[in-house]
Amino acid sequence: YNDYYTKVTWETRSLREWLNNSFYNIAFSADEKEGIVTTRLLNDNNPSYNTTGGNFTDDNVFILSYTEADRFVPRDYRTVLPTVNAAQNMKQPAEAPCRWWLRTPAKYSDEALWVSTSGHLNSAEGQRVDSGNQDLLVRPCIWVKISTEQPVDTSAGITIHIGGHTFNFLQNSEAWNQASAYIEEISEHVSDFASKIESILSLF
């Protein structure tokens, strides 16, 4: 998480440097990078102790904050299993759930929060940032572009442009079915993309 034991924020952590450089360049092709959105992150303070989260950062790859994990990841999806390679490195069964890091600080700035093996969000207890405890996983996150097309046109109905396809919901009742089918197609690509990331992570 960090190379040595010291007070840090997400802006200065070793993990952030690795995710946005070595990992980013190995994991994604030039074309895939075109679809990744550089995101301005709000690095919020610890919700229990108000320990500072530091400055805003602009990241291509990041890990979730406490607030983001609570907002975007339902409890059932917070329990995660390691990849085969990660399980071997941790010397534990691949079917055993693991904790995973958050970028939000704990009570002190030399510790960071984590999510429990049961998916519980913990806002108080932290782990040392230089911890060699290998049952803590890194879950890289990215924002991707779904559409880079023209703006929405409402002059002749509600028209939505998705990935080069146009659906007009007032003029054509079939548009709902067409749009749903296309969104399912996009979801398959996103799933394939996630599988690729998991395969790449197994190399580390």
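Tutor: A nonpolar core here is a set of buried Ala, Val, Leu, Ile, Met, Phe, Trp, Tyr and Cys residues joined through side-chain atoms within 4.5 Å, where buried means under 20% relative accessible area with a 1.4 Å probe, protein chains only. The model is predicted, so local features need pLDDT of at least 70, side-chain atom pairs count only at pLDDT 80 or more, and totals for chains, interfaces and linings use all residues. Residues are numbered from 1 along each chain as its sequence is written, and side-chain values use heavy atoms, leaving out hydrogens and water.

Student: Which residues touch the most other members of the largest nonpolar core?
Tutor: That core holds 35 residues. The ones touching the most other members are Y1, W10, L64, W100 and L102.

Student: And which element gives this core its largest share?
Tutor: Helices here are DSSP runs of H or I, at least four residues, numbered from the N terminus. Helix 1 (14-27) is among the elements that each supply at least two core residues. The largest share is 5 residues, and it comes from helix 1.

Student: What kind of aromatic pair do Y24 and F28 form?
Tutor: Rings of Phe, Tyr and Trp (its six-membered ring) pair if their centres lie within 6.5 Å; planes under 30 degrees apart are stacked, over 60 edge-to-face, the rest tilted. Y24 and F28 are 5.9 Å centre to centre, with 55 degrees between the planes. So this pair is tilted.

Student: Is F28 buried or exposed?
Tutor: Exposed would take over 50% relative accessible area, with partly exposed in between. F28 has 5% relative accessibility, so it counts as buried.
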